[in-house]
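Trainee: I would like to learn how to read the places where parts of a protein meet. Could we go through them one at a time?

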Amino acid sequence: MKQHRRRRLEERFFLVLMVFSTVTVLGSLFLILYTIIRRGMPALSVDMLTKVPKGGYYLGKEGGILNAIVGSLYLAGGGTLIALVLSLPIALYLHSHARHSRVVHVTRLALDVLWGVPSIVYGAFGFIILLALGMRASLLGGIIALALLELPIMTRGMDEAIAMIPDALKEASYALGATHLETAVKVILRQSAPALLTAVLLAFGRGIGDAASVLFTAGYTDRLPDSLLSPAASLPLAIFFQLGTPFPAVQQRAYASALVLTVIVLALSIAARYFAKRLTRNVVK
Amino acid sequence: MRRIAAKLFNPKSDRAGSDPRRSRRWWKRVALDKSAHYTMRLLTMATVGLVPLIAGALLWRAWPILATHRLTSLLFSQAWHPLRGEFGFLPFIMGTLWVTTVAMLLAVPPSLLTAIYLAEYAPVRVQRLANPVIDLLAGIPSVVYGVWGVLVIVPLVGNQILPFVSRHLGALALFRTDNPTGFGVLAGGAVLAVMIFPLIIAVAQDLIRAVPQGLREASLSLGATRWQTVKHVVLRRARAGVVAAVVLGCSRALGETMAVLMVVGNVPQIPRSIFDAAYPLPALIANNYGEMMSVPLYDAALLGSALVLLLVVLGFNVASRLAVMRLVGTN
């Protein structure tokens with residue numbers, strides 16, 4: 001009987017502990033969102049979103065972070081575009097003839113490892129590429145670093161999306177005489193389009209939020225980027241620099257910038273989930 | 001050109017080429033298919049080569065310092081005076097280890113308990129609610145975590161935890177400090193812990209779910225309680241997976257830069273207590289990118305530390321992925 005009681009007590013104890021942990025984890029997200037909104041909202045203004053920094057901005061004079069918003073969109077947009085062009089063929093290859101070969105195994109492992117590489121290392125690698133090419137920190141450099149950072153995220157996402165397609169569909173296409181390429185474009189891409197879009201959006205969200213990789217490669221400027229070879233500002237670095245100033249008024253703007261970045265990233269993340277669910281009209285299950 | 005052609009079309013199909021039934025359009029389709037195949041293969045191979053390429057490039061740029069300084073003095077010396085040509089990475093390595101250890105201690109128990117709860121106990125409704133929220137947590141940029149750390153964690157550590165702990169446990173060296181700001185190892189570890197929650201939870205949850213249902217049923221039918229089943233059957237079976245999840249979280253924590261940089265204090269010293277300021281390796285690299293080209297060997301030293309970081313993270317990652325692969329293979 002005593003043992004029975006002890007077992008029940010243990011069961012209860014751990015259940016309470018588990019629920020407590022789950023609430024803590026979920027609560028930390030809400031705490032973060034609450035903090036960012038609460039501190040960012042008061043400092044947010046139309047000027048912040050529509051103006052570039054004027055002289056003395058970092059001392060508390062007027063201006064906004066339009067340079068960083070536009071720069072970030074360019075950087076993440078370019079990076080995502082390059083990553084897309086590279087990762088789509090790779091994801092398709094992982095599901096073509098060589099499905100169970102050693103190459104595919106090794107590639108998946110390599111992609112997982114690349115996913116784990118810290119973004120500061122991508123930044124350092126991008127910096128070395130720039131040095132080797134004799135270039136300075138620029139929009140192009142940032143785009144290259146972000147493309148490398150996003151490549152494994154996007155490819156693995158697409159890999160999983162394509163894996164969901166039933167084999168019978170592909171076999172039907174081959175049986176009609178279609179080549180691998182035709183099957184890939186007309187059947188696989190079409191069937192997995194929503195999930196592919198999800199992968200792209202998630203990678204974009206990761207790219208736009210990353211600071212360490214653009215720190216070396218994209219530089220920072222108060223102007224809007226006007227060419228691929230000129231430096232470009234980015235939102236994460238804008239937050240970082242503004243928070244680093246000793247002036248409370250500028251630090252307020254860092255909170256507002258953090259709010260802007262958080263809203264962008266969460267919107268992307270939610271949109272990605274939405275597409276994964278909704279855009280499945282043409283998909284054969 | 002001919003060799004490429006020979007590779008593209010083997011002799012068998014060459015004979016088929018004289019077959020009048022094979023139209024020109026057919027040839028075009030096959031040629032397109034083949035060239036697409038080789039392009040895709042090339043890109044895939046290039047991806048595999050990317051890891052060695054990154055390591056090689058870092059090694060190339062770090063070579064000047066590796067050639068002029070002994071590895072032991074780089075790794076185990078405390079003297080960090082780039083202007084005098086002294087590069088001892090020990091304070092930064094110790095800073096990384098302290099912050100990562102604190103983060104793991106704070107992150108692993110709640111993450112694993114949450115993963116077990118969501119995989120074994122939670123009603124479907126709770127799972128549907130909790131998992132997207134955890135995914136959102138994973139998507140928040142590290143800079144935002146840093147801002148949150150500065151606004152919430154650092155004041156919490158500096159104003160609440162530090163006075164309380166030093167009043168009651170001040171006798172222990174681990175809790176004694178002359179740094180009252182709150183910026184330090186504990187703040188860095190706490191922010192990192194929240195950052196790696198989602199990763200550990202997601203991986204551990206997947207692998208716990210992969211344990212065959214029949215095992216659970218057998219255990220429950222023998223009269224075990226649910227927790228006993230979890231403890232003796234599920235976790236035993238998923239042990240490698242749990243380790244893999246923790247190792248993966250650890251490797252993420254080792255390389256995380258911006259959030260840690262913002263709350264850890266950045267003083268090049270070996271921390272002696274959890275309230276001391278620290279200066280982890282990634283923060284060192286990120287903070288000094290501006291000056292590093294003007295001081296001789298400085299860039300080599302920093303890129304060398306990036307190489308060390310890469311190799312450590314790589315080792316952790318490969319180990320954990322192989323463990324997962326083996327586990328998934330056995331189930």
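Predicted model: local features only at pLDDT ≥ 70, side-chain atom pairs only at ≥ 80, totals over all residues.

Trainee: How many residue pairs are in polar contact between domain 1 of chain A and domain 2 of chain A?

Mentor: The count, which takes in pairs with both residues at pLDDT 80 or more, is zero, and the count of salt bridges between domain 1 of chain A and domain 2 of chain A is likewise zero. On the side of domain 1 of chain A that touches domain 2 of chain A, the residues divide into five nonpolar, one polar and one charged.

Trainee: Where do these two domains run along chain A?

Mentor: The domain assignment places domain 1 at 2-43 and domain 2 at 48-278, and their C-alpha centres lie 32 Å apart. Contact between them involves seven residues of domain 1 of chain A and nine residues of domain 2 of chain A.

Trainee: How should I read the size of such an interface?

Mentor: Interface size is often given as the accessible area lost when the parts come together. Here, domain 1 and domain 2 of chain A bury about 650 Å² between them, with 76% of that on carbon and sulfur atoms. Within domain 1 of chain A, the residues that lose the most area to domain 2 are A:I36, A:R39 and A:A43, which together account for 63% of what that side buries.

Trainee: What area is buried between chain A and chain B?

Mentor: About 7100 Å² is buried there, and carbon and sulfur atoms give 81% of it. The contact brings together 76 residues of chain A and 78 residues of chain B.

Trainee: How many salt bridges are counted between chain A and chain B?

Mentor: There are four salt bridges between the two chains, including one that A:E182 forms with B:R29, where the closest N and O atoms are 2.7 Å apart. Between chain A and chain B, 13 residue pairs are in polar contact, with both residues at pLDDT 80 or more. Helix α1 (residues 2-40) of chain A supplies the largest share of the side of chain A that touches chain B, namely 20 residues. By class, that side of chain A has 55 nonpolar, 13 polar and eight charged residues.

Trainee: Which secondary structure elements does chain A have?

Mentor: Chain A has eleven helices and zero strands. Of its 285 residues, 52% count as buried, and its C-alpha atoms fill a box of roughly 70 × 70 × 35 Å along the principal axes.

Note on methods
Residues numbered from 1 in each chain as written. Chains lettered and ligands numbered in written order. Heavy atoms only, no water. Contact = heavy atoms within 4.5 Å. Buried area = accessible area lost by both parts, 1.4 Å probe. Salt bridge = Lys/Arg side-chain N within 4 Å of Asp/Glu carboxyl O. Polar contact = N/O pair within 3.5 Å; in protein donor to acceptor, adjacent residues only side chain to side chain. Helix = DSSP H or I, 4+ residues; strand = E, 2+ residues; numbered from the N terminus. Nonpolar A, V, L, I, M, F, W, Y, C, P; charged D, E, K, R; others polar. Domains from an automatic or database assignment. Buried < 20%, exposed > 50% of the residue type's maximum accessible area, 1.4 Å probe, protein only.
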